[in-house]
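Thank you all for making the time this morning.

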Amino acid sequence: MSLSAVRYLQRARSWRPGPRLVSVLVGGGAAVLVLYPIAYLLQASLSVGDPQARPPEAYGLANFADLPRYSHIFGNTLLVAGVATVLAIVFGFVMGWILSRTNVPGRAAFEQLMALPYYVTPLMGALAWALIGSPASGFVNQLWRALGGDGHLVDINTPWGIAWVMALFEGAVAFVMIGAVMKSMDPALEEASQVLGAGRLRTMLRVTLPLVLPGVLGAAVFVFAEMLGSFSAALVLGLPSRFYVVTTAMYQLVSQYPPRFPTAAAMGVSLFAVMFAMVWVYRRIVSAGSYATITGKAFRPRVMDVGRLRWSLLGVPVLTIVYASFQRLTTVFPRVDNFTLANYATALSLDAVRSALWNSLLLGFATASLGVVLMGFLAWLIYRSRLPGAGLIEYVLMFPQAVPRLVFAFGMLWAWLVFPIPIYGTLWLLLIAYLTVFLPLGLRTISGVILQIDRSLEESAQMCGATWGHRLRTVTMPLLKPGLVAAWLLLFIASVRELGASILLMGPKSKVITPAIVESWFSTSSELTAALALLQTLAVAAALAIMFAVARRAVQAGGE
Amino acid sequence: MNRRGFVKTATFAAAAPLAHAPFAAAQSRTATKVLDFQTLADVAKAEQEGEVVYYGHDGEAGIGVLLDSFKKDFPKIKTSYVRLQTGALYAKITAERSAGRFGVDVLQLSDISPAIDFQKKGGWEVHVSPELTAYKAEHQSAPAGHYTWGGVSFAGISYNRVKVKPEQAPKTWKDILNPAFKDGVSAKLATSGMQHAQWYVLRKLYGNDFWQEFAKQRPKGFDARAQLFDRLSKGDDRMCVLAEYAGYTLFAEKGAEIEFVAPPDGLPATAFFIGVVNRAPHPEAAKLFVDWALAKRGQAVYQNQKILLYGSLRTDAPPMPTGKRLADFKLLFPTDWNDYVASHPVFVKEWNSIMGL
């Protein structure tokens, strides 16, 4: 054997994939996950032949030209998304300020209560508020009339009502983001303001607010994206008042025969433009140095903190749902003959509960576990690797945040149907779908923590001769651990709650729970739906409790 | 042109060549008696296949009841299903088939338009069930064996007794235009085959302006009958103009203060359409399921389970659980199916506009 051949073999034996290669592979793979379905979505939006033909018979811009017909729906969408964002941000800012900057009694309890919406499906919130605030049958209005009032006191079936529910149940992330920014902010400036004679309110408006403004704007962009894709609240509360938003309109368009996929796709793609501009603004804010406002650390303290208190502090909406789930026909005035266990008996006999709930928990576990590894690496790649094009990868990976999941699901349906590996109709497809649509969520959560880790720690390890893999394993990952745990929890809960992507991608043997709950609302009754939603919430709580118990025991065992 | 004429004309060229071979094969097999019905399926093979995959439009609970009943009769055959609105369901199955994925055994649709379209595409397996002898020719595809009318649903008007004074109670279809009901009226969205049927037959009866007048009521649209009756029972709406009898009985039994009105001009009706899917992964189990569904056993489930409550079109069908037979109602079916299918795009456009979409 020649010397060069020996050297070659030695080199081959000692070869380890370098950061560049691994980064290109992982980053490229993730980008493909996102861009592959988007290509199909764009193709569908340009289809002008038979709307059911795949691939399209002809291409053109007629679907986009037709969109002005739906201008009122776009207007509705922007209205509720805007109002809900403002509500969520104001609420998040005020509550964040109270809980991080004041010594108001019961702060801990408030924090627990604020996190409650994370654990319930938005459909449950919408359903609860429908029971509370519908003009005729809402509990508040029934009581109002029983006390001699006329008409209705509140009407939840208005754009304001829809925005209120969206802000409460889907905008809680604003509180988490802003609250964390405030907590991580140096209080010295506020103290200086007060020493100089400014009151608390003045200090909040003149010092605190400007300091956290970049963070507030970042949160606003993120929350606005969430609201544009919101489905449940608009579905439950909008239809009774003939109020459609883009997601509910698209759902109707594709449920009709023949399904108008091209129109729905064009609607979704046009939202791309809006959201792309928002993401651009978002990135501008982040790159301007205010990245701490979107940190993964932001999620860490609250989501990790699953104590008994959270589960005992049930708000009025949750109690309403519990009450409704034991009723034959829900009314605010209890009657003995109206109470029943039949809803639970039916719920537990449904395939939706028997297999779908298990599938949901399994998928939640898999998505969260694989997701933190994938998204942790991607966050490192974008913010630490100095790989050319890392910023572009971040842009690409944020795409799923920029379009409603229901629309994105169409792209995935078409893309994975023709994919040569037969994963269509299996849980694997849902796993891929969840990993794709939750990329922005995981990335945001973990990247915030990465940004707060001083680069010098890794550089020190490098100076000591550690390879990049060793550095990643022994320095970066341990430091990231809290952020990864937070991301795991967020991904787990988000996966179990997921609706938009699951509706179309479920197969006969890969059912998940949230679409079944929505379907129940369509085809059975509010009472059965309430029972199903509660069972889902209890299952998530039980799963989390078990996991925490196991993790705690593992930590204790490790410490002994 | 009547329905049979239309279907024959529209589908003969497309369906006949595709149908020939399996049709001949199906005919060569002798029907056997299983339990109390006749089937062309090889039951042993069906049990060996061990599974039937069903795509349907009924609610989760309804499909659950149906499949559980089949499983009780054939415990060796597992069941699984996908449930979507007919439009989305049909889009899913056609997308799957165009990508070369054939995972469905039995398809049930609530609208004849996609059923005919599926026939044109050669999507149905030709399976002339021995149980078809109990069905009139007009309730079968043409040629027979592609799909069959598995049951009928029909709709009248329903109102909330607490919210509507007796003197205001609707009695005829024209009463739904009464301005007193403005902002308190509900119907289904354009996703519904039943809504298309109602739109079509009442338009024929009362003219093209009828629904434009109705639009002034600012009706609220929903996807399913359960939602309509849920709201009506709670008083969120005062009147439902597409009140399916099945939904009415379900909520009336719960104690809801609602009334059903059968206008003298008749009740718009539509069927569901069921058949074996071509290239089914479990062909014998699929045939067995369809034979069972069309037989008295399956029809009893469709007709007696209150979550389904489809009137059976079997000529020997017993009365419904309410004691009434389909013949006791004046049902309004479209008479010109060619025109009916052609009217679908017009309906969707007009109905979307009426519902504010």
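This is a predicted model: local features need pLDDT of at least 70, side-chain atom pairs count only at pLDDT 80 or more; totals for chains, interfaces and linings use all residues.

Let me begin with two helices in chain B, helix 6, which covers residues 193-206, and helix 13, which covers residues 344-354, whose axes come within 10 Å and cross at roughly 95 degrees. Which residues meet where helix 6 and helix 13 of chain B come together? From helix 6 of chain B we have Gln195(B), His196(B), Trp199(B) and Tyr200(B), and on the side of helix 13 of chain B they meet His344(B), Phe347(B) and Trp351(B). Sorted by class, this contact between helix 6 and helix 13 of chain B holds four nonpolar and three polar residues, and no charged residues.

Let me now step back to chain B as a whole. Its secondary structure comes to 13 helices and 12 strands. The radius of gyration of chain B is 20 Å, close to the 21 Å that the globule rule gives for 357 residues, and therefore chain B is as compact as a globular protein of that length. Taken along the principal axes, the C-alpha atoms of chain B fill a box of roughly 60 × 40 × 35 Å. Of the 357 residues of chain B, 58% count as buried, and if we look at contacts in chain B between residues at least 6 apart in sequence, 79% of them join residues at least 24 apart.

The domain assignment divides chain B into domain 1, made of 3-151 + 271-315, and domain 2, made of 153-269 + 332-350. The C-alpha centres of domain 1 and domain 2 of chain B lie 29 Å apart, and 16 residues of domain 1 of chain B are in contact with 14 residues of domain 2 of chain B. On the domain 1 side of that contact, the elements of chain B that give two or more residues are helix 1 (3-28), helix 4 (86-98) and helix 5 (112-120). By class, that side of domain 1 of chain B has seven nonpolar, six polar and three charged residues.

Next, a few backbone details in chain B that I would look at on the screen. The peptide bond from Ala142(B) to Pro143(B) is cis, with omega near 0 degrees, and Pro143(B) sits in the loop between helix 5 and strand 6 (148-160) of chain B. Asp183(B) has a phi near 70 degrees, a positive value in a residue other than glycine, and Asp183(B) is found in the loop between strand 6 and strand 7 (185-188) of chain B. Is Asp183(B) buried or exposed? With 12 C-beta neighbours inside 10 Å, Asp183(B) counts as exposed. Arg279(B) also has a positive phi, near 60 degrees, and is found in the loop between strand 11 (267-276) and helix 10 (283-294) of chain B. Arg279(B) has 15 other C-beta atoms within 10 Å, and so is partly exposed.

That brings me to chain A, which has 28 helices and zero strands. Of the 560 residues of chain A, 52% count as buried. One buried residue is Val318(A), which has 20 C-beta neighbours inside 10 Å and lies in helix 17 (residues 316-325) of chain A. Leaving aside residues up to four places away in sequence, Val318(A) touches Val120(A) and Ala128(A). Chain A has a cis peptide bond too, from Tyr257(A) to Pro258(A), with omega near -10 degrees, and Pro258(A) lies in the loop between helix 13 and helix 14 (261-290) of chain A.

Finally, the two chains together. How many residues does each chain bring to the contact? The contact takes 39 residues from chain A and 48 residues from chain B. On the side of chain A that touches chain B, helix 13 (246-255), helix 19 (351-384), helix 21 (405-417) and helix 27 (513-523) of chain A each supply at least two residues, and the largest share, five residues, comes from helix 27 of chain A. By class, that side of chain A has 19 nonpolar, 14 polar and six charged residues.

Definitions and conventions:
Residues are numbered from 1 along each chain as its sequence is written. Chains are lettered from A and ligands numbered from 1 in the order in which they are written. Helices (H or I, at least four residues) and strands (E, at least two) are DSSP runs, numbered from the N terminus. Axes are lines fitted to C-alpha atoms, for helices over the stretch in contact, and angles run from 0 to 180 degrees between N-to-C directions. Two residues are in contact if their C-beta atoms, placed from the backbone, lie within 7 Å. Ala, Val, Leu, Ile, Met, Phe, Trp, Tyr, Cys and Pro count as nonpolar, Asp, Glu, Lys and Arg as charged, and the others, Gly among them, as polar. The radius of gyration is taken over C-alpha atoms; the globule rule is 2.2 Å times the number of residues to the power 0.38. Domain bounds come from an automatic or database domain assignment.
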